[in-house]
Protein chains: 2
Amino acid sequence: MSNRIITISRQFGSGGRTIGKEIAERLGIPCYDYEIIEKLAEESGFAKEYIAESSEYISSTGWMSGAFIPRDRNGHSLQDQLWFIQNRLIKNLAEAGPCVIVGRCADYILKDADVSLLKVFIHADIATRAKRIVEVYGESNISPEKRLLDKDKKRAAYYQFYTDAKWGDSSLYDITLNSGSLGIEKCVDILAELY
Amino acid sequence: MSNRIITISRQFGSGGRTIGKEIAERLGIPCYDYEIIEKLAEESGFAKEYIAESSEYISSTGWMSGAFIPRDRNGHSLQDQLWFIQNRLIKNLAEAGPCVIVGRCADYILKDADVSLLKVFIHADIATRAKRIVEVYGESNISPEKRLLDKDKKRAAYYQFYTDAKWGDSSLYDITLNSGSLGIEKCVDILAELY
């Protein structure tokens, strides 16, 4: 029987990471999120800060046609190289055992892998998420609504760029949940039950 | 406490109607689907066949700019008039008591009503749906895949036309479920549990 993997895509501030951690804990399996950044840093030699910024968010140069972006002799940008390393890493994690993987297009990366996938998307209304990011990440001089929309836009663009699909479109997932209306605990219950 | 209503939007052939009927039966509340067509026929005087074709699917003239479409003196087409009657009918049903309402933009129509909504979208992959529509509706001289895509396209266009939102976008719903990967019974379990 192939490994059972839960991939969690999530809007910024929707509590998707918390949901992932809680399900993993309840099921007694690992949850990979920041750990992926650390492993990527080890494998690639890139700085963690660069990886955190570039492994899920399109960089400001990432979608430009390219004359000014440094590329290797195969035409790959730094972000592309990170994508390839991330691909291999996520496949290795999934093949090593059952786990939860948060973000990083894992749903797409694992689509042809020999694993049994439960593909999840977590979202919530702007007001709920704005409140949450201030609680979790603190205030900043940019309004929480603007921070949310900016992050969402860059995540959606990254997903579109590397997968050619529309991030958040229900047809890509087995289940999508509104953590704002249902509550984080109920989302964890449903997913743990489904798994 | 306001009435608790489940609205089920669904891709053609995804089993959304069956899921609606089963939850309603399990919860002991009514499920409105074909019944809406019958009530609309009574109220509007339109033929049931016309209503079935025009209460969820954009008509071939529905999105034309309009020079050739018959309109009343307020500029409303027949389909618009049906939309207004359908709006009132769905609000009345929801205010009368807890129920399940399948299709017909009920999620949008009830967004400001004094009811407690659980907004659901059911979808499935093309192969599962093609198999299902042949089982449920029989063969036709058009391929099941073509029938599916045609119905989906018209439902999406109808939804977009009257609500200005993208049918199937996860952010519109509390929960979306892939009945192809999860199975119809599991979808019923999750929704009955959530309710």
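Predicted model: local features only at pLDDT ≥ 70, side-chain atom pairs only at ≥ 80, totals over all residues.
Since B:Glu135 and B:Lys131 are four residues apart in helix H6 (residues 126-137) of chain B, about one helical turn separates them; helices (H or I, at least four residues) and strands (E, at least two) are DSSP runs, numbered from the N terminus.

I noted the conventions: residues are numbered from 1 along each chain as its sequence is written, while chains are lettered from A and ligands numbered from 1 in the order in which they are written. Local features need pLDDT of at least 70 and side-chain atom pairs count only at pLDDT 80 or more, whereas totals for chains, interfaces and linings use all residues, and side-chain values use heavy atoms, with hydrogens and water left out.

I then turned to the total and found 24 salt bridges over all chains. One of them pairs A:Glu193 with B:Lys186, with the closest N and O atoms 4.0 Å apart. A:Glu193 lies in helix H9 (residues 184-194) of chain A and B:Lys186 in helix H9 (residues 184-194) of chain B, so this pair joins two chains. I read A:Glu193 as exposed, at 56% relative accessibility, and B:Lys186 as partly exposed, at 26%.

Next I checked B:Glu185, which forms a salt bridge with B:Arg26, the closest N and O atoms being 3.7 Å apart. B:Glu185 belongs to helix H9 of chain B and B:Arg26 to helix H1 (residues 16-27) of chain B, so the pair ties together parts that are 159 residues apart in sequence. Both ends are partly exposed, B:Glu185 at 43% relative accessibility and B:Arg26 at 45%.

Last, I asked which residues B:Ile23 touches, leaving out those up to four places away in sequence. With contact taken as heavy atoms within 4.5 Å, I found B:Ile6, B:Ile8, B:Val188, B:Leu191 and B:Ala192. B:Ile23 sits in helix H1 of chain B and is buried, with a relative accessible area of 0%. I also noted that the C-alpha atoms of B:Ile23 and B:Ile190 are separated by 9.7 Å, although the two residues are 167 residues apart along the chain.

How values were computed. Salt bridge = Lys/Arg side-chain N within 4 Å of Asp/Glu carboxyl O. Buried < 20%, exposed > 50% of the residue type's maximum accessible area, 1.4 Å probe, protein only.
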